[in-house]
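This report goes through one protein model, from its overall dimensions to a few local features. Please keep the sequence and the structure in view while reading.

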Amino acid sequence: MNTERRPDTNIDEKKLAGESAALLVRDGMVVGLGTGSTVAWTIRAIGRMIENGLDILGVPTSYQSEALAIECGIPLTTLSQNPLLDLAIDGVDQIDMRMNAIKGGGAAHTREKVVSISSKRFVIVADGSKYVEVLNRSVPVEVLPFAARVVEREIIRIGGSPVIRQACMKDGPVITDNGNFVMDVSFGEIRDPAALAREISQIPGVVEHGIFTRIHELHLARNGNVEVIRRDDL
């Protein structure tokens, strides 16, 4: 199963989407900073805004986003210090027309979900290749190493085909920032993401899965333009 990140793909569209969402950031905000190649453009744009006098604090979702934020001069804080965020901006692996998404290609989805649920407004940035009618990508599931075989059995029971993600630059499985394994689970077409999310969450040993159903706004770049899609029922 190919979960390789391709930061060199659709660079222009990623830049458009990422920089569009950065314009939502206002003075005095505490902002969740997501992980990935599209939201990296958001972080860089916020850094330039800080150079021009913007005063904010950022909460990174991974070591990767933390390092980039520091490089860009963004002052950082934690959820312990600021448990309620004004805004969180993140990338996505796939998002459907009903604003349900799959995240976790970078194995940061647990922290990304915690940050997203801590925010008053959760915004996704994406290029056109990520936008689909029905979700059909494998779902990343972070699991306790101790419970991996149990989770695997239960995932199969509910109709999934799990594969433990293997590292590219070392032998053995990918280890998350939280010290856990990631399973990539194929379910085929996901017609009811919320129901599947509930089923996965009930499995003992699952730390978090990559189905996101609480998304307020999407900045979607395609054909040289950014379309802003808002969800009004949250």
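## Overall dimensions

The model is predicted. The protein contains six helices and 14 strands. Its radius of gyration is 17 Å, which agrees with the value near 17 Å for a compact globule of 234 residues. Along the principal axes, the C-alpha atoms fill a box of roughly 55 × 35 × 35 Å.

Of the 234 residues, 53% are buried. Among contacts with a separation of 6 or more, 76% are between residues 24 or more positions apart. The accessible surface is about 11100 Å², and carbon and sulfur atoms account for 50% of that area.

## The four-stranded sheet

Four strands form an open sheet in the order β9-β10-β8-β11, and their pairing is antiparallel. The edges are β9 (161-164) and β11 (206-209); each has a single partner strand, so one side of each lacks a neighbour in the sheet. From one strand to the next, the twist averages 30°.

β9 and β10 (residues 181-186) run antiparallel and are joined by four bridges. Within this pairing, proline 162 has valine 185 of β10 as its bridge partner.

## Helices on the sheet

Helix α5 (residues 148-157) packs on the sheet and touches β8 (139-143), β9, β10 and β11. The direction of α5 makes about 15° with that of β10. Helix α6 (residues 193-201) lies across β8 and β11, and runs at about 165° to β11.

## Helix α3

Which residues of helix α3 (residues 63-71) are buried? They are Ser65, Leu68 and Ala69. These three are on the same side of α3, because the arc they cover around the axis is only 100°. An α-helix has 3.6 residues a turn, so residues three or four places apart point the same way.

The cover over the buried residues of α3 includes β1 (30-33), α2 (39-51) and β2 (57-60). Tyr63, Ile70 and Glu71, on the other side of α3, are exposed. After α3 comes glycine 73, with a positive phi near 80°.

## Methionine 169

Methionine 169 is located in the loop between β9 and β10. Is this residue, methionine 169, buried or exposed? Methionine 169 has a relative accessible area of 82%, so it counts as exposed, the cut-off being over 50%.

Methionine 169 and arginine 222 are 53 residues apart in sequence, and their C-alpha atoms are 33 Å apart in space.

How values were computed:
Residues are numbered from 1 along each chain as its sequence is written. This is a predicted model: local features need pLDDT of at least 70, side-chain atom pairs count only at pLDDT 80 or more; totals for chains, interfaces and linings use all residues. Side-chain values use heavy atoms; hydrogens and water are left out. Two strands pair if DSSP finds at least two bridges between them. Helices (H or I, at least four residues) and strands (E, at least two) are DSSP runs, numbered from the N terminus. Axes are lines fitted to C-alpha atoms, for helices over the stretch in contact, and angles run from 0 to 180 degrees between N-to-C directions. Contact means heavy atoms within 4.5 Å. Buried means under 20% relative accessible area, exposed over 50%, partly exposed in between (1.4 Å probe, protein chains only). The arc is that of the directions from the helix axis to the C-beta atoms. The radius of gyration is taken over C-alpha atoms; the globule rule is 2.2 Å times the number of residues to the power 0.38. Accessible areas come from the Shrake-Rupley method with a 1.4 Å probe; for residues, only the protein chains shown count as cover.
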